[in-house]
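Keep the structure open as you read.

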There are 2 protein chains.
Amino acid sequence: MKIDSVDFFYLAMPVVTTAGDGSQDALVVRVQAGGHVGWGECEAAPLPSIAAFVCPMSHGACRPVSASVLGETLDGPEDIQRIAAVLAFNSMDLLQAAHTWSGIEMALWDLLGHVRGEPAWKLLGYKKAYPKTPYASVLFGTTPDQTLARAKEIRAKGFRAAKFGWAPYGDSLEGDIAQVEAARQGLGPDGILLIDAGQIFAEDVEAAAQRIASLAANKATWLEEPFGGHAYEAYGQLAKRSGSVKLAGGEAAHNRHMAQHLIDYGHVGFVQIDCGRIGGLWPAKQVADYAVKKGVTYVNHTFTSNLALSASLQPYAGLSDSRICEYPTALSSLATELTTSRIAPNANGEIEVPDAPGLGVTINPAALKTYAVDVEIKVKSRTIFAPPKI
Amino acid sequence: MKIDSVDFFYLAMPVVTTAGDGSQDALVVRVQAGGHVGWGECEAAPLPSIAAFVCPMSHGACRPVSASVLGETLDGPEDIQRIAAVLAFNSMDLLQAAHTWSGIEMALWDLLGHVRGEPAWKLLGYKKAYPKTPYASVLFGTTPDQTLARAKEIRAKGFRAAKFGWAPYGDSLEGDIAQVEAARQGLGPDGILLIDAGQIFAEDVEAAAQRIASLAANKATWLEEPFGGHAYEAYGQLAKRSGSVKLAGGEAAHNRHMAQHLIDYGHVGFVQIDCGRIGGLWPAKQVADYAVKKGVTYVNHTFTSNLALSASLQPYAGLSDSRICEYPTALSSLATELTTSRIAPNANGEIEVPDAPGLGVTINPAALKTYAVDVEIKVKSRTIFAPPKI
């Protein structure tokens with residue numbers, strides 16, 4: 001087959017706020033090859049990712065993503081790896097390329113899976129997919145009381161694990177302690193409690209270290225992203241002092257090297273990969289293999305649709321020891337409506353990786369219309385991007 | 001002062017080819033604050049970098065670059081650092097943001113320098129600027145004979161140092177040996193010979209290691225970018241085997257951490273920073289300080305205009321031991337005409353960092369017109385980007 005077309009659907013909620021909710025917009029990718037269709041989703045800023053696909057070439061090592069994808073042969077997984085390598089070279093100087101490619105790469109696995117009648121995780125080399133224990137991923141309440149209520153609600157819904165994140169965490173030591181205590185109290189003594197600092201401490205190891213005692217006292221399993229994605233030294237220093245509380249990070253990785261460096265130099269206990277940023281399923285699978293070798297637990301990072309969730313589960317579907325998965329529970333209507341199929345906890349409260357061709361998720365064409373953002377990019381009076389037909 | 005406006009001028013040659021010539025297009029930035037003007041230049045893909053400035057917000061940690069810049073206070077260097085920190089947080093998930101910010105950051109130093117009547121290197125903390133020995137930065141010829149002629153020509157022009165790069169280097173061991181020998185022969189026994197592999201070996205340490213003997217025999221000072229920008233392990237392994245030939249790299253760094261990691265884990269002998277990518281002058285200065293501490297030599301990476309060249313010289317202007325600088329000698333007419341002032345070798349064949357306010361370079365408005373690329377970006381029928389007025 002040849003890759004005939006790559007289309008980008010820029011979707012957004014009518015109002016986008018500064019809330020830490022990544023599901024307020026989406027960049028959905030449709031790839032067509034040999035009469036087959038595959039779907040993927042790029043994480044983060046849609047417009048720059050579209051621009052990285054359609055932009056004019058700057059020079060030989062700064063070509064648009066389209067130049068390495070359109071018209072290429074796609075007959076098996078090795079073609080996806082080959083295209084990724086060509087792209088890495090041809091778009092070496094185009095920073096945004098990794099995010100653009102991530103959604104395309106997912107769609108290529110989805111498409112190949114449909115052609116072969118196999119789930120993507122089988123194409124990635126796994127024989128079996130193991131169910132995961134979902135953790136509800138939510139924001140801290142503005143007050144500890146709100147967090148307590150939120151934690152109880154999560155527990156009442158049947159979740160055994162929950163992650164609380166971001167603002168107001170980091171505002172004050174006392175406030176943070178109260179928030180973590182409230183989360184533990186609401187979740188109950190046997191719940192898996194995860195805390196996400198959202199990079200608030202930048203590189204300030206001491207500030208982060210002050211929080212460890214309360215995290216340990218409240219049996220938090222991990223402290224996620226205390227620092228910037230590249231601050232490996234800060235991670236490494238805190239890891240030495242964090243005792244039973246493991247560090248978690250990796251969502252910012254836009255190539256497998258970054259994730260591996262966070263393992264090797266940052267000494268995280270959990271590596272969290274967003275397939276919509278790292279370059280899709282294949283580099284994520286390589287990180288999963290690397291994590292196993294290094295005794296680190298792989299976890300998905302997902303805060304958007306069920307399409308992104310399915311994609312993010314595939315690279316570690318076959319790892320029986322990687323037990324938990326991030327499961328967004330407060331999605332926008334856009335993200336909820338994007339797929340007609342739903343990935344929901346089973347009777348045991350566990351998430352099963354779809355055992356269906358490709359990513360095993362069906363796109364809802366109505367959502368592509370309802371939430372479409374009208375974008376036009378013209379260069380030299382020629383339209384190089386307009387919303388595709390559904 | 002408040003930052004009143006940030007304008008992007010997308011310029012390009014009438015025809016852009018796949019040649020490894022980064023001066024075929026440019027993204028020039030004009031910042032206005034308190035009635036003053038500053039200029040900067042973003043490296044690489046103009047359209048995605050523009051999109052990163054104007055795009056709609058995706059969520060609180062994925063805001064457009066504009067959201068952290070427009071209307072901000074600019075009274076001194078500390079404001080530039082503050083804005084950079086705010087931006088890093090607000091645009092955490094917007095990968096291209098670093099490239100966009102780089103040109104703006106340069107322009108802010110230029111503007112501040114004009115306000116204070118001081119060159120940017122003084123604002124960065126240096127008391128004195130030391131002249132640099134320029135190396136002519138050129139591509140290998142298609143054949144060794146062409147490379148020989150090119151090297152002789154460079155020497156005849158008065159250059160004592162030259163860097164040869166990219167294709168066909170890496171095609172075959174025999175070919176590479178012949179190319180390096182030709183370059184050395186043309187340059188003469190006392191010339192400083194530098195070789196740039198342009199990431200051709202990806203992560204293949206053995207392939208790169210096979211070239212070391214010929215590089216050592218021909219007294220190459222460095223082998224630049226044998227591997228991908230993130231392949232620290234490959235760098236580190238090759239560094240152990242490269243003897244008198246030091247490794248050089250760092251141009252891909254889009255934050256100071258990446259450059260520091262290449263020093264710490266990749267064990268390069270030379271760290272090469274492009275101010276148009278790393279986030280401008282301030283992170284580059286931090287890398288320069290770090291390099292001194294680690295016994296590594298800082299070098300600029302520049303393959304575009306004299307505006308970019310001046311910017312790239314500022315962060316290490318005051319380091320007397322960092323003797324050489326990259327000096328592009330085969331610029332497009334666009335890059336040549338962009339500035340009316342020229343940074344050219346002095347009577348001793350050395351490059352003096354401009355001792356004039358800001359970046360010390362004057363923009364040629366005619367070039368902004370001649371090479372303008374007509375771009376329009378519309379979102380929801382509203383034009384969010386169009387070429388600015390000159």
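**Charges over rings**

In this predicted model, the charged end of A:Lys285 sits over the ring of A:Tyr126, 5.0 Å from its centre. In chain B, the charged end of B:Lys285 lies over the ring of B:Tyr126, with 5.0 Å to the ring centre.

**Ring pairs**

- Searching the whole structure gives 23 aromatic pairs over all chains.
- Take B:Phe159 and B:Tyr327: their ring centres are 6.0 Å apart and their planes meet at 40°, so this pair is tilted.
- B:Phe159 lies in the loop between helix H6 (144-156) and strand S5 (161-165) of chain B.
- B:Tyr327 belongs to strand S11 (residues 324-328) of chain B.

**Burial of the pair**

- B:Phe159 has 8% relative accessibility, so this residue counts as buried.
- B:Tyr327 is buried too, with a relative accessible area of 11%.

**A ring cluster in chain A**

- Ring pairs join A:Phe140, A:Phe164, A:Tyr169 and A:Phe201 into a cluster.

**An annotated stretch of chain A**

- An unreviewed UniProt entry places the feature "domain: Mandelate racemase/muconate lactonizing enzyme C-terminal" at residues 144-245 of chain A.
- Over residues 144-245, chain A is 48% helix and 15% strand.
- The end C-alpha atoms of residues 144-245 in chain A are 21 Å apart.

Conventions
Residues are numbered from 1 along each chain as its sequence is written. Chains are lettered from A and ligands numbered from 1 in the order in which they are written. This is a predicted model: local features need pLDDT of at least 70, side-chain atom pairs count only at pLDDT 80 or more; totals for chains, interfaces and linings use all residues. Side-chain values use heavy atoms; hydrogens and water are left out. Rings of Phe, Tyr and Trp (its six-membered ring) pair if their centres lie within 6.5 Å; planes under 30 degrees apart count as stacked, over 60 as edge-to-face and the rest as tilted. Helices (H or I, at least four residues) and strands (E, at least two) are DSSP runs, numbered from the N terminus. Buried means under 20% relative accessible area, exposed over 50%, partly exposed in between (1.4 Å probe, protein chains only). A charge sits over a ring if NZ of Lys or CZ of Arg is within 6 Å of the ring centre and within 35 degrees of the ring normal. UniProt positions are given in the numbering used here, feature names are shortened, and annotations may be inferred rather than shown by experiment.
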